[in-house]
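Subject: Structure for your review

Dear colleague,

Please find below the structure that I am handing over to you.

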Amino acid sequence: QVQLVESGGGLVQAGGSLRLSCTASERTFSIYAMGWCRQAPGKEREFVAAISRTGRSTYYTDSVKGRFTISRDNAKNTLYLQMNSPNAEDTAVYYCAARGGDYEYTPDDVADFRSWGQGTRVTVSS
């Protein structure tokens, strides 16, 4: 489906903050529910957060609630993940993901997505 490119990854100190961005090549970005998933070495890809196509609904995995915020700017064809107070457990490659549809829908699982970016690595250090 849509082509996705992540940016903003890198090294961040524990307790600091980092914002990831995902830019879509689609002019019809607003038809896609979007999300972030992550994968650490030796682990399964994990759902992190998702947002409906309008931004009216969001969903987070329990481990990031209160620390991460997903948002989108449809006018800029861009998805964001604001990471506050990251810790070592948040170290992973973060992937932007999308799922098109006709309805207001919020994914809640890795398997829900149909398009993926190449990922951006986040390393949290003390």
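**Aromatic residues**

Phe 113 is buried, with a relative accessible area of 4%. Before going further, please note that the model is a predicted one.

Phe 113 belongs to a group of aromatic residues: ring pairs join Phe 47, Tyr 59, Tyr 95, Phe 113 and Trp 116 into a cluster. How many aromatic pairs does a search of the whole structure find? The search returns 4 aromatic pairs. One of them brings together Phe 47 and Tyr 59, whose ring centres are 6.0 Å apart and whose planes stand at 45°, so this pair is tilted. Since Phe 47 is part of strand S5 (residues 46–51) and Tyr 59 is part of strand S6 (residues 58–60), the pair ties together parts that are 12 residues apart in sequence. With regard to accessibility, Phe 47 is buried, its relative accessible area being 9%, whereas Tyr 59 is partly exposed, at 41%.

Phe 47 also pairs with Phe 113. The centres of these two rings are 6.5 Å apart and their planes are at 15°, so the pair is stacked; planes under 30 degrees apart count as such. Phe 113 is found in the loop between strand S9 (92–100) and strand S10 (115–116), while Phe 47 is in strand S5, so the pair ties together parts that are 66 residues apart in sequence.

Arg 45 lies over the face of Tyr 95, at 4.0 Å from the ring centre. Arg 45 also lies over the face of Trp 116, in this case at 4.6 Å from the ring centre.

**Cysteines**

A disulfide is a covalent bond between the sulfur atoms of two cysteines. A search of the whole structure finds 1 disulfide. Which cysteines form the disulfide? The partners are Cys 22 and Cys 96, with their sulfur atoms 2.0 Å apart. The torsion about their S-S bond is about -75°, so the disulfide is left-handed. The bond links distant parts of the chain, as Cys 22 is in strand S3 (residues 17–24) and Cys 96 is in strand S9, 74 residues apart.

Is Cys 22 buried or exposed? Cys 22 counts as buried because its relative accessibility is 0%, and buried means under 20%. Cys 96 likewise counts as buried, at 0% relative accessibility.

Cys 37, by contrast, is in no disulfide. The nearest cysteine sulfur to Cys 37 is that of Cys 96, which is 9.4 Å away. Cys 37 also counts as buried, with 0% relative accessibility.

Strands of a sheet pair through backbone hydrogen bonds, either parallel or antiparallel. In this structure, an open sheet of 4 strands has the order S1-S3-S8-S7, and its pairing is antiparallel. Strand S1 (4–7) and strand S7 (68–73) are the edge strands, each of which pairs on one side only. On average, and with direction ignored, neighbouring strands of this sheet are turned by 15° against each other.

Strand S7 and strand S8 (residues 78–84) pair in the antiparallel sense over 6 bridges. Which residue in S8 is the bridge partner of Ser 71? The partner of Ser 71 is Tyr 80.

Yours sincerely

How values were computed. Residues numbered from 1 in each chain as written. Predicted model: local features only at pLDDT ≥ 70, side-chain atom pairs only at ≥ 80, totals over all residues. Heavy atoms only, no water. Phe/Tyr/Trp six-rings, centres within 6.5 Å; stacked < 30°, edge-to-face > 60°. Helix = DSSP H or I, 4+ residues; strand = E, 2+ residues; numbered from the N terminus. Buried < 20%, exposed > 50% of the residue type's maximum accessible area, 1.4 Å probe, protein only. Lys NZ or Arg CZ within 6 Å of the ring centre and 35° of its normal. Disulfide = S-S within 2.5 Å. Pairing = 2+ DSSP bridges. Axes fitted to C-alpha atoms, helices over the stretch in contact; angles between N-to-C directions.
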